[in-house]
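Please report on the fold, the packing and the ligand site of this model. Keep it brief and give the cut-offs.

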Amino acid sequence: MSKHIYLVSGANKGIGKQIALELVEQGHTVYLGARNLEAGKKVTQELKERGDARLVYLDLNDAKSHQAAVELIEQQSGHLDGLINNAGVIVGYGNASNVTHQALRETFETNVFGTIMLTQTMLPLLRKGSHRSIVNVSTGLGSMTMHGDPSWPFHGTTPLAYNASKSALNMFTVLLAKELRDEGFRVNSVSPGWIATDLGGEQAPGSVEEGAVIAVKTALEGSDGPTGLFLTTGGVIPW
Ligand SMILES: NC(=O)c1ccc[n+]([C@@H]2O[C@H](COP(=O)([O-])OP(=O)(O)OC[C@H]3O[C@@H](n4cnc5c(N)ncnc54)[C@H](OP(=O)(O)O)[C@@H]3O)[C@@H](O)[C@H]2O)c1
């Protein structure tokens, strides 16, 4: 198997850290994007014992950090094979009738605007590579079809800002996949499941190992892999 170069955003903890760990353990070079440099350094040190892990400062809300990251990766590696847009936030749990504008703005700033801007900034580096994979870490909570099913276990989980930000991220996946298909890119959304992390909460049933499975699998898929889909470990789910 050829060795790839990946960038994982939000890799200093949670699902992102686990994704980075597994890719490093499989022999790939992984740039761990972290806005918290102290935590990022600690995790990168830990992962360096398993393989080629490199820390890069990355705040989705700071375009200058995106540019600096591109320059660092370009200088060190010359190209990028895969981008895993994992970093994300949940800001408040307001429903559609009472969510605050601040919660909406903050959530979209990171989960949508920051992720799109980072991807656009990384595209030239991804085009220099041959693997050409983009994985957007979304959630089933962003699925409008699932929310239409009253028997769905998460039917009552309705924080508007978070859910709508991931629906918007899913549209980014669909349209980017369409646009880049002829260049051999694979662009997919993945849903990790409900996972015990700072974001998912302690009561979540899934481990970070379980949460990382679909993102890692999708990031590794070759040119015959899927594109423009919403994937879980159980297969394709509806938008
Ligand atoms: N856990 C779940 O049940 C679940 C379910 C479905 C989808 N997801 C998705 O999985 C992804 C990872 O979540 P997680 O559960 O692993 O949460 P987590 O443990 O809270 O980790 C989130 C990561 O994103 C980073 N981040 C947040 N805002 C950022 C920004 N502006 N710039 C750069 N990094 C930023 C965090 O950095 P800091 O440490 O600096 O805050 C952290 O590294 C998210 O996209 C989330 O929506 C999670």
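The report below covers the basis of the values, the sheet, the helices, the cores and the ligand site.

## Basis

This is a predicted model; local features need pLDDT of at least 70, side-chain atom pairs count only at pLDDT 80 or more, and totals for chains, interfaces and linings use all residues. Residues are numbered from 1 along each chain as its sequence is written, and side-chain values use heavy atoms, with hydrogens and water left out.

## Sheet

Eight strands form an open sheet with mixed pairing, in the order β3-β2-β1-β4-β5-β6-β7-β8. Helices (H or I, at least four residues) and strands (E, at least two) are DSSP runs, numbered from the N terminus. Two strands pair if DSSP finds at least two bridges between them. The edge strands are β3 (53–57) and β8 (235–236), and each pairs on one side only.

β1 (residues 5–8) runs parallel to β2 (residues 29–34), with four bridges between them. Val8 stands opposite Leu32 in β2. β1 also pairs with β4 in the parallel sense, over three bridges. Here Tyr6 stands opposite Gly82. β4 in turn runs parallel to β5 and is joined to it by four bridges. Ile84 faces Val135 of β5 as its opposite residue.

Both faces of β4 are covered. Gly82 and Ile84 are buried on one side, Leu83 and Asn85 on the other. Buried means under 20% relative accessible area, exposed over 50%, partly exposed in between (1.4 Å probe, protein chains only).

## Helices on the sheet

Helix α1 (residues 14–25) lies across β1, β2, β3 and β4 (82–85). It runs at about 170° to β1. Helix α7 (residues 208–220) packs on the sheet and touches β1, β4, β5 (133–137), β6 (186–190) and β7 (230–232). Its direction makes about 165° with that of β5. Contact means heavy atoms within 4.5 Å. Axes are lines fitted to C-alpha atoms, for helices over the stretch in contact, and angles run from 0 to 180 degrees between N-to-C directions.

## Nonpolar cores

The largest nonpolar core has 28 residues. Such a core is a set of buried Ala, Val, Leu, Ile, Met, Phe, Trp, Tyr and Cys residues joined through side-chain atoms within 4.5 Å. Leu7, Ile73, Leu80, Met122, Leu126, Ile134 and Phe185 have the most contacts inside this core. β1, α3 (63–77), α4 (101–127) and α6 (160–180) each give two or more residues to it. α4 gives the most, with eight.

A second, separate core has 25 residues, including Leu21, Ile195, Ile214 and Ala215.

## Ligand site

There are 29 residues around the ligand. Asn12, Leu60, Asn86, Tyr162 and Thr197 come nearest. A residue is near a molecule or strand if one of its heavy atoms lies within 4 Å of it. A side-chain N or O atom of Tyr162 lies 2.6 Å from a ligand oxygen. For a polar side-chain atom of Arg35, the distance to a ligand oxygen is 2.8 Å. A polar backbone atom of Ile15 is 2.8 Å from an oxygen atom of the ligand.

Leu60 sits in the loop between β3 and α3. Leu60 is buried, with a relative accessible area of 9%. Leaving out residues up to four places away in sequence, Leu60 touches His66, Ala87, Thr110, Gly114, Thr115 and Leu118. Leu60 and Thr115 are 55 residues apart in sequence, yet 6.4 Å apart in space, C-alpha to C-alpha.

Note on methods
Polar contact = N/O pair within 3.5 Å; in protein donor to acceptor, adjacent residues only side chain to side chain.
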